[in-house]
Amino acid sequence: MIGIIMGSDSDLPVMQEAIDILESFDIQIEVDIVSAHRTPEKLFDYAKNAHLRGIKVIIAGAGGAAHLPGMVASMSPLPVIGVPVKSSNSIDGWDSVLSILQMPGGVPVATVALNGAKNAGILAAQIIGASDKCVLDKIIAYKEGLKIKVEQASNKVRNS
């Protein structure tokens, strides 16, 4: 199971791409709102206990100061993938990117592009696929589909 958390429901339109891609791989997910600043007790409980509930990877999306992924990573033994979200209080998203990207040694957060929740979902699936052949096969098929789309576009452009 993959946990998908975000700091606010305003992050849901971005994080929906992670939800959608993981559902397309038939991977069980748990989605919640966990604010690093407004619900710190919930954050602590989530981060410390997610692995006990069967979660294998956490995807955490946050905008602005974007402390959620790093705080979760500081308390959880699980891999954490951070999604910087360009929010209404953001400085073109750079504050979120740097807050998630610039983690101190010993507290890693894999960071995807600004609003890159789809890639976060794919990366989480690849992590699961490293030990689950069924998921690995779905990732392989997905990547083959990407290749086919490019080849079709290439043929269309060349034959125009």
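This report describes helix packing, an aromatic pair and selected residues in a predicted model.

## Basis of the description

The model is predicted, with local features requiring pLDDT of at least 70 and side-chain atom pairs counting only at pLDDT 80 or more, while totals for chains, interfaces and linings use all residues. Residues are numbered from 1 along each chain as its sequence is written, and side-chain values use heavy atoms, with hydrogens and water left out.

Helices (H or I, at least four residues) and strands (E, at least two) are DSSP runs numbered from the N terminus. Two packed helices are described by the angle between their axes and the distance between the axes. The axes are lines fitted to C-alpha atoms, for helices over the stretch in contact, and the angles run from 0 to 180 degrees between N-to-C directions.

## Helices α5 and α6

Helix α5 (residues 117-129) packs with helix α6 (residues 133-158) at an angle of about 135 degrees, and their axes are 8 Å apart. The two helices are therefore oblique to each other (angles under 35 degrees count as roughly parallel, over 145 as roughly antiparallel, 65 to 115 as roughly perpendicular and the rest as oblique). The crossing of α5 past α6 is left-handed; this term applies if the near helix is turned anticlockwise from the far one by less than a right angle, and right-handed applies if clockwise.

On the α5 side, the contact (heavy atoms within 4.5 Å) involves Lys118, Ile122, Ala125, Gln126, Ile128 and Gly129, which meet Val135, Leu136, Ile139, Tyr142 and Lys143 in α6. By class, this contact of α5 with α6 has seven nonpolar, two polar and two charged residues (Ala, Val, Leu, Ile, Met, Phe, Trp, Tyr, Cys and Pro count as nonpolar, Asp, Glu, Lys and Arg as charged, and the others, Gly among them, as polar). In the loop between α5 and α6 lies Ala130, which is exposed with a relative accessible area of 71% (buried means under 20% relative accessible area, exposed over 50%, partly exposed in between, with a 1.4 Å probe and protein chains only).

## Helices α1 and α5

Helix α5 also packs with α1, at an angle of about 35 degrees and with the axes 7 Å apart. Here α1 passes α5 in a right-handed crossing. From α1, Val14, Met15, Glu17, Ala18, Ile21 and Leu22 meet Ala117, Lys118, Gly121, Ile122 and Ala125 in α5. The residues of this contact divide into eight nonpolar, one polar and two charged. Lys118, Ile122 and Ala125 of α5 are named in the contact with α1 and in the contact with α6.

## An aromatic pair

A search of the whole structure finds one aromatic pair. The ring centres of Phe25 and Tyr142 are 5.5 Å apart and the planes stand at 90 degrees, so the pair is edge-to-face (rings of Phe, Tyr and Trp, the last by its six-membered ring, pair if their centres lie within 6.5 Å; planes under 30 degrees apart count as stacked, over 60 as edge-to-face and the rest as tilted). The pair links distant parts of the chain, with Phe25 in the loop between α1 (12-24) and β2 (29-33) and Tyr142 in helix α6, 117 residues apart.

Phe25 counts as buried at 3% relative accessibility. Asp26, in the loop between α1 and β2, counts as exposed at 61% relative accessibility. The phi of Asp26 is near 60 degrees, a positive value in a residue other than glycine.

## Helices α2 and α3

Helix α2 (residues 40-49) and helix α3 (residues 68-75) pack at an angle of about 50 degrees, their axes being 8 Å apart. That angle makes α2 oblique to α3, and α2 passes α3 in a right-handed crossing. Leu43, Phe44, Ala47 and Lys48 in α2 meet Leu68, Met71, Val72 and Met75 in α3. By class, the contact has seven nonpolar, no polar and one charged residues.

Helix α3 is mostly covered, with six of its eight residues buried: Leu68, Pro69, Gly70, Val72, Ala73 and Met75. Their cover includes β1 (2-6), α2, β3 (57-63), β4 (80-85) and α4 (94-101). In the loop between β3 and α3, Ala66 is buried with a relative accessible area of 4%; the phi of Ala66 is near 50 degrees, a positive value in a residue other than glycine.

Tyr46 is found in helix α2 and is buried, with a relative accessible area of 5%. Leaving aside neighbours within four places in sequence, Tyr46 is in contact with Gly3, Ile4, Ile5, Glu30, Val34, Arg53, Ile55 and Ile58.

In α4, the buried residues are Asp95, Ser96, Val97 and Ile100. These residues pack against β3, α3, β4 and β5 (110-111).
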